[in-house]
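Dear colleague,

My notes on it follow directly after.

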Amino acid sequence: MKRIFTSIYFLVSCLSIHTLNAQNLTEFNKAPLKQHVYVQLPIGSIKAKGWLLKQLEQQRDGATGMAEELYPEKDNLGKNSDWLGGDGNGWERVPYYVKGLVALAYTLDDPMLKTKAQKYIDWTLNNQQANGLFGPAKMKDWWPRMPMMYALQSYYEATNDKRVIPFLSKYFKYELANLDGDPLKEWGKSRAGDNMEIAIWLYNKTGDQDLLQLVEKLKQQAYPWIDIYSNNGFYFFGDDFQPKHMVNVAQALKFPVVYAQLQDRPSNLEALSKGITHIMHDHGQPEGLGSGTEFLAGTSSIEGVETCTVVEWMQSLETAAKVIHDARIGDQLEKIAFNALPAQFSRDFKNHSYYTLPNQVQSIHGEHGFNQDYSSGIVSSPYSGYGCCRYNMHMGWPYFVKSSVVATPEKGLAVITYGPMEIETVVASNKKIKITEETNYPFEEKIRLKIGLTTSTSFPLILRIPAWSVKPSITLNGTLLKGVKAGEMFTISREWKNQDQLELNFPMQITTHAQVNNSVSIERGPIVYALEIKAANKVTKIHSVAGFTDYEIRPESAWNYGLVLDKGNLSNVSVVSAAMPENPFTAANAPVKLKVQAKKIPSWTLGYNKVAAFDVPFSPISSTEKQEEITLVPYGSENIRLSCFPVIGQPKKINKALVENFDQGMANNWVFYGGGWFWKDGQVNSASNAGSGGYGINGSKYVANGTDFKDFIYQANVKINTPGDAGLMFRVSNPAIGADAYKGYYVGLDHSNGTVLLGKANGQKWTVISLGKYPVEMNKMYTLKIVAKGDEFDIFINGSAKPILSATDSQYQSGSIGLRAYKALASFDSVKINAF
């Protein structure tokens, strides 16, 4: 494998240090809160440089700076917004936008953006009601005030505006007095961690004990997120969709660590990692987070990630890194920021996609069958999908910048994430320091760090050493330091002198990571790589704001490739480095590309609806096509992509016997299509999709794609929990999202009609082969058994001596097995199949 190494420079220059509102290092957690918690530097202390600055400037010149022109209605960001005293109904949209706008304005130190933000800040601060309530008087909802409080926090830290602290103090007293009579509900109940975080921040400034009582009350009224994350309980709430709404799940990831500052228990601190482990096992995507469209959506390569999920997951990790000093948190934060975040936007930050897919081979209008479906949901547009993301997305990059370096209680600094930036703050006894990171990380491996001080100063500097790094090293003034280990936070405590220099070396290895259907994703350091697809953009709408359009994206080169690995390894991969462009997230000019060997898979095509591809085929898969060299580019550098790759080889599917009792959780190599599936008490269950508009629950499937059975005895326990039908699938191929979006057979127990039915699907056409009367009782477990020999099928129930139903059909000869529920909630257990 060809490896090309270039240098990353992390520079701290001794230039003139301007006066700034440096972090008051006494404002760490006050007793009785958990000690040794890091705090963020005031916004504006960290300035982006290089490629990172380019992302912020594109926001300013694109969707963020032009948002008021793009969304001028009174219910959005218009002059008659209720957040400016008008008669609109802005609800969460204005606070979402202002939260990101303030962060961007003061990170860039941009007068135009500051002016845009100031009118919202001033109206909010100047129109607080006498009782302490703020925001639109007619808005009877705790939730939208929470993101506005983050905007006020950032604004205060940047300006020291004396109105903010008494304003928030008065509001929190109102909240504490009124939560019992008007408890949290819906979104506020889901997102109470945001409220709790600001209350703790204010407590550390005022010492008001009532704020800790408020944090406890908010925790008690919120969803039990600590238990949900610890026990994988997202689907345990029936028709209440809030705990399985992925934006809520991502946003509440901070909840356990925020509360752990008040109740410092291992169970509170561990809930974050347990929750992420559960999510990634059952719903994980290669770009580092879980799918959600909008509910948790499984591991399929054609399920999506919402823009709101990306930025909220990032903020949760940014909060967590201050409380739990684990290098893995920074690793995941970088993975999301460097892959998922840029993938959501057009290259110029004028458009976004409401959803992005790991395997998104085109971006066109159409319905996918998602739980919450929008015809424009994956189209590049200022108006893609539902409205929340176009307002919430603006905090992604500026919050990443402002959270990259934090202050420690020992009056030092900790570097959580790396990138080109400049930090001005104080250390030790208010000694000024300026740090300039001059780096192209994450596209390069070496980092040079130079300390600039007016006087020699003792303080600890803590550096995150990425877990993916191969033999990382650090030198100080040319001397190699001992004890540097991947996956740890490395502390250097010493008397630092002006122009001390550190050089960090984080060698990057190319690795494969297991994904859905035994496919693999390719990573180098924190970057995930995707197939470079030649694309054609077709403008479908020109907006009144100059330079803003909607456009569909279609591929102009092949995308259906499988990787050719050498004994399962990527030893034949080469790294091709190029000059660092202004914006590295453009595929054509990507600073690092990979060349790999692959073969086309002609049978892998667009799905039944011609909107998305079929899910990645199960690996290994055979191909007689010629071997080619293909190019991979960073995941975030394209708006269409292939990142879950099948592997070329001799197919190895289970075809003799399989037993799955779901003893440990969701089964490996089973994939659900549409709706939701979850594990509880040793059973797998189809989930309620109340609130989804009817999508998904109509024919939700859970398929063992790694199986291929022809003639067999197949049985499982099935319980119908609501009216509808549920049962077993067999000889299945090409499953997709949609009630009848598969090829194969299905035997179902139908409570509503009191029947057992056998039918087949051919793409999106359903045909009943045979049915018979059977008194199916609700909430009763049945043992359903299928005996298939050639074109003959016999159906048995509860060990009946004779078949309850018999039929013949010869359309499908072999395929996978699975479970299916149609307009019903159902539970399944004790799957067993043996081939003849």
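How many residues does the largest nonpolar core have, and which residues have the most contacts inside it? Please bear in mind that this is a predicted model. Its largest nonpolar core has 265 residues, and Leu463 and Leu819 are those with the most contacts inside it. Helix α3 (residues 93-108) supplies the largest share of this core, with 11 residues. As general background, nonpolar side chains tend to be buried together in soluble globular proteins.

Two helix pairs may also be of interest to you.

Helix α14 spans residues 307-323 and helix α15 spans residues 327-343; their axes come within 9 Å and cross at roughly 160°. An angle over 145 degrees counts as roughly antiparallel, and α14 and α15 are therefore roughly antiparallel to each other. The crossing in which α14 passes α15 is left-handed. On the α14 side, the contact is made by Val310, Val311, Trp313, Met314, Leu317, Glu318, Ala320 and Ala321, while α15 contributes Ile329, Gln332, Leu333, Ile336, Ala337, Ala340 and Leu341. Sorted by class, the contact of α14 with α15 has 13 nonpolar residues, one polar residue and one charged residue.

Gln332 deserves a separate note. This residue lies in helix α15. Gln332 counts as buried because its relative accessibility is 14%, and the cut-off for buried is under 20%. Leaving aside residues up to four places away in sequence, Gln332 touches Ile276, Gly288, Trp313 and Leu317. Between Gln332 and Val756 there are 424 residues in sequence and 48 Å in space, taken from C-alpha to C-alpha.

The second pair is α5 and α8. Helix α5 (residues 145-159) packs with helix α8 (residues 192-206) at an angle of about 30°, and their axes are 9 Å apart. Because angles under 35 degrees count as roughly parallel, α5 is roughly parallel to α8. Here too the crossing is left-handed, with α5 passing α8. From α5, the residues that make the contact are Met146, Met149, Tyr150, Gln153, Tyr156 and Glu157; from α8, they are Ala192, Asp194, Asn195, Glu197, Ile198, Trp201 and Lys205. The contact of α5 with α8 is made up of seven nonpolar, two polar and four charged residues.

With kind regards

Methods. Residues are numbered from 1 along each chain as its sequence is written. This is a predicted model: local features need pLDDT of at least 70, side-chain atom pairs count only at pLDDT 80 or more; totals for chains, interfaces and linings use all residues. Side-chain values use heavy atoms; hydrogens and water are left out. Axes are lines fitted to C-alpha atoms, for helices over the stretch in contact, and angles run from 0 to 180 degrees between N-to-C directions. Helices (H or I, at least four residues) and strands (E, at least two) are DSSP runs, numbered from the N terminus. Angles under 35 degrees count as roughly parallel, over 145 as roughly antiparallel, 65 to 115 as roughly perpendicular and the rest as oblique. A crossing is left-handed if the near helix is turned anticlockwise from the far one by less than a right angle, and right-handed if clockwise. Contact means heavy atoms within 4.5 Å. Ala, Val, Leu, Ile, Met, Phe, Trp, Tyr, Cys and Pro count as nonpolar, Asp, Glu, Lys and Arg as charged, and the others, Gly among them, as polar. A nonpolar core is a set of buried Ala, Val, Leu, Ile, Met, Phe, Trp, Tyr and Cys residues joined through side-chain atoms within 4.5 Å. Buried means under 20% relative accessible area, exposed over 50%, partly exposed in between (1.4 Å probe, protein chains only).
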